[in-house]
Amino acid sequence: MVYYAVIDTNVFISALLAKRADSPTVRVLDAVFEGRIIPLYHEDILAEYDEVLHRNKFHFKEETIRLLLNAIIQ
């Protein structure tokens, strides 16, 4: 079954920071990459994801951010 959902920014942040591969937020992120969850978004939501993911305190690589944002758009 495929689900459509608006995913809160904190879910993505938590998934990327998670220490355990079986954490709930990682499972949501995996479902997005596997196509089991289709993220619903608007330009404003994408802008928020982009802004928050680029905050210095998280130290996410640009490649990781682009990969996530492209998965959401696709």
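**Figure 1. Helix α2 and the glycine that follows it.** In this predicted model, helix α2 is followed by G35, a residue with a positive phi near 85°. The helix itself covers residues 24-34, and V26, L29, A31 and V32 are buried within it.

**Figure 2. The whole chain, shown for orientation.** The chain contains 4 helices and 2 strands. Read from the N terminus, these elements follow the order β-α-α-β-α-α. The radius of gyration is 12 Å, close to the 11 Å that the globule rule gives for 74 residues, so the chain is as compact as a globular protein of that length. Along the principal axes, the C-alpha atoms fill a box of roughly 35 × 30 × 20 Å. Buried residues make up 31% of the 74 residues of the chain. Among contacts between residues at least 6 apart in sequence, 61% join residues at least 24 apart.

**Figure 3. The aromatic pair formed by F12 and Y49.** A search of the whole structure finds 2 aromatic pairs. In the pair shown here, the ring centres of F12 and Y49 lie 5.1 Å apart and the ring planes stand at 90°, so the arrangement is edge-to-face. F12 belongs to helix α1 (residues 9-17) and Y49 to helix α3 (residues 43-53), so the pair ties together parts that are 37 residues apart in sequence. Both partners are shielded from solvent: F12 is buried, with a relative accessible area of 2%, and Y49 is buried, with a relative accessible area of 1%.

**Figure 4. The aromatic pair formed by F58 and F60.** The ring centres of F58 and F60 are 5.4 Å apart and their planes meet at 10°, so this pair is stacked. F58 has a relative accessibility of 16% and counts as buried. F60 is likewise buried, with a relative accessible area of 16%.

Figure 5. F12 lies in helix α1. The C-alpha atoms of F12 and V26 are separated by 8.1 Å, and the two residues are 14 residues apart along the chain.

Figure 6. F58 is found in the loop that joins α3 and α4. Apart from its neighbours within four places in sequence, F58 is in contact with I13, L17 and V52. F58 and A18 are 40 residues apart in sequence, and their C-alpha atoms are 12 Å apart in space.

**Figure 7. H59 and its backbone.** H59 is also found in the loop between α3 and α4. Although it is not a glycine, H59 has a positive phi of about 60°. H59 is exposed, with a relative accessible area of 69%, whereas F58 counts as buried at 16%.

**Figure 8. D8 in the loop between β1 and α1.** D8 is found in the loop between strand β1 (3-5) and helix α1. The relative accessible area of D8 is 43%, and the residue is partly exposed. D8 and F33 are 25 residues apart in sequence, with a C-alpha to C-alpha distance of 16 Å.

**Figure 9. Surface and charged side chains of the chain.** The chain exposes about 5,200 Å², and carbon and sulfur atoms supply 54% of this area. The chain carries 8 positive and 11 negative side chains. The centres of these two sets lie 9 Å apart.

Technical notes: Residues numbered from 1 in each chain as written. Predicted model: local features only at pLDDT ≥ 70, side-chain atom pairs only at ≥ 80, totals over all residues. Heavy atoms only, no water. Rg over C-alpha atoms; globule rule 2.2 N^0.38 Å. Buried < 20%, exposed > 50% of the residue type's maximum accessible area, 1.4 Å probe, protein only. Contact = heavy atoms within 4.5 Å. Areas by Shrake-Rupley, 256 points an atom, 1.4 Å probe, with all protein chains shown as cover. Lys, Arg positive; Asp, Glu negative; His and termini not counted. Charge placed at Lys NZ, Arg CZ, Asp CG, Glu CD. Phe/Tyr/Trp six-rings, centres within 6.5 Å; stacked < 30°, edge-to-face > 60°.
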